[in-house]
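Student: I have a structure open and want to talk it through. Can we start with the surface?

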Amino acid sequence: VCATMGSMLFFTGCKRPNGHHPDPEKIAARIGDRLELDETQRARLEEIVIDLEADIVSLHDAEPDPHQEMAEMIRSASLSSIELQQFYQSKREKVDRLAEKVIAHMVDFHDILTPEQREKLAANLEQHREKGRCRFFGH
């Protein structure tokens with residue numbers, strides 16, 4: 001969950017190759033299955049993931065593709081550090097606005113987990129890092 005939320009936060013420019021965003025219900029179901037969440041926990045997780053996904057979709061729809069913006073800057077006759085800093089800062093400001101919500105949701109989710117579920121989540125994060133996977137709770 002932490003990595004999923006973090007990924008949703010930090011990789012807001014990422015979509016699947018077909019241009020669609022990952023299905024929040026499927027994300028919640030996969031995490032719910034892996035952590036063996038009860039129905040109340042599953043419902044809360046789904047609310048969290050849907051809420052965050054809505055903000056991320058809104059963020060995508062509100063701005064051009066950052067990869068395309070960067071490609072256009074690289075193609076230009078000149079490129080300044082000021083221009084790159086402004087590009088980075090504009091992206092960071094948007095992510096920072098979403099960060100407070102992500103943090104609150106992460107704390108909320110942590111609070112509803114049992115110690116055993118928190119241990120599963122922590123172990124999965126460690127395993128995720130060891131394998132160098134791009135996705136949390138990989139398929």
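Student: How much accessible surface does the protein have, and what share belongs to carbon and sulfur atoms?
Tutor: The accessible surface comes to about 9000 Å², and 54% of that belongs to carbon and sulfur atoms. Areas come from the Shrake-Rupley method with a 1.4 Å probe, and for residues only the protein chains shown count as cover. This is a predicted model: local features need pLDDT of at least 70, side-chain atom pairs count only at pLDDT 80 or more, and totals for chains, interfaces and linings use all residues. Residues are numbered from 1 along each chain as its sequence is written, and side-chain values use heavy atoms, with hydrogens and water left out.

Student: What share of the residues is buried?
Tutor: Of the 139 residues, 30% count as buried. Buried means under 20% relative accessible area, exposed over 50%, and partly exposed in between (1.4 Å probe, protein chains only).

Student: And how many helices and strands?
Tutor: Six helices and zero strands. Helices (H or I, at least four residues) and strands (E, at least two) are DSSP runs, numbered from the N terminus.

Student: Which residues have the most contacts inside the largest nonpolar core?
Tutor: Ile31, Leu35, Leu37, Leu45, Val49, Phe109 and Leu113, in a core of 15 residues. Such a core is a set of buried Ala, Val, Leu, Ile, Met, Phe, Trp, Tyr and Cys residues joined through side-chain atoms within 4.5 Å.

Student: Which elements give two or more residues to this core?
Tutor: Helices α2 (24-35), α3 (39-62) and α5 (81-112). The most comes from α3, with five residues.

Student: What does Leu37 contact, leaving aside neighbours within four places in sequence?
Tutor: Gly32, Arg42, Leu45, Phe109, Leu113 and Gln117. Contact means heavy atoms within 4.5 Å.

Student: What about the phi of Glu36?
Tutor: Glu36 has a positive phi of about 55 degrees, although it is not a glycine. Most residues other than glycine have a negative phi. Glu36 sits in the loop between α2 and α3 and is exposed, at 56% relative accessible area.

Student: New topic: is Glu83 buried, partly exposed or exposed?
Tutor: Glu83 counts as partly exposed because its relative accessibility is 30%. Glu83 lies in helix α5.

Student: Which residues does Glu83 touch, not counting those up to four places away?
Tutor: Met73 and Ser78. Glu83 and Met73 are ten residues apart in sequence and 8.6 Å apart in space, C-alpha to C-alpha.
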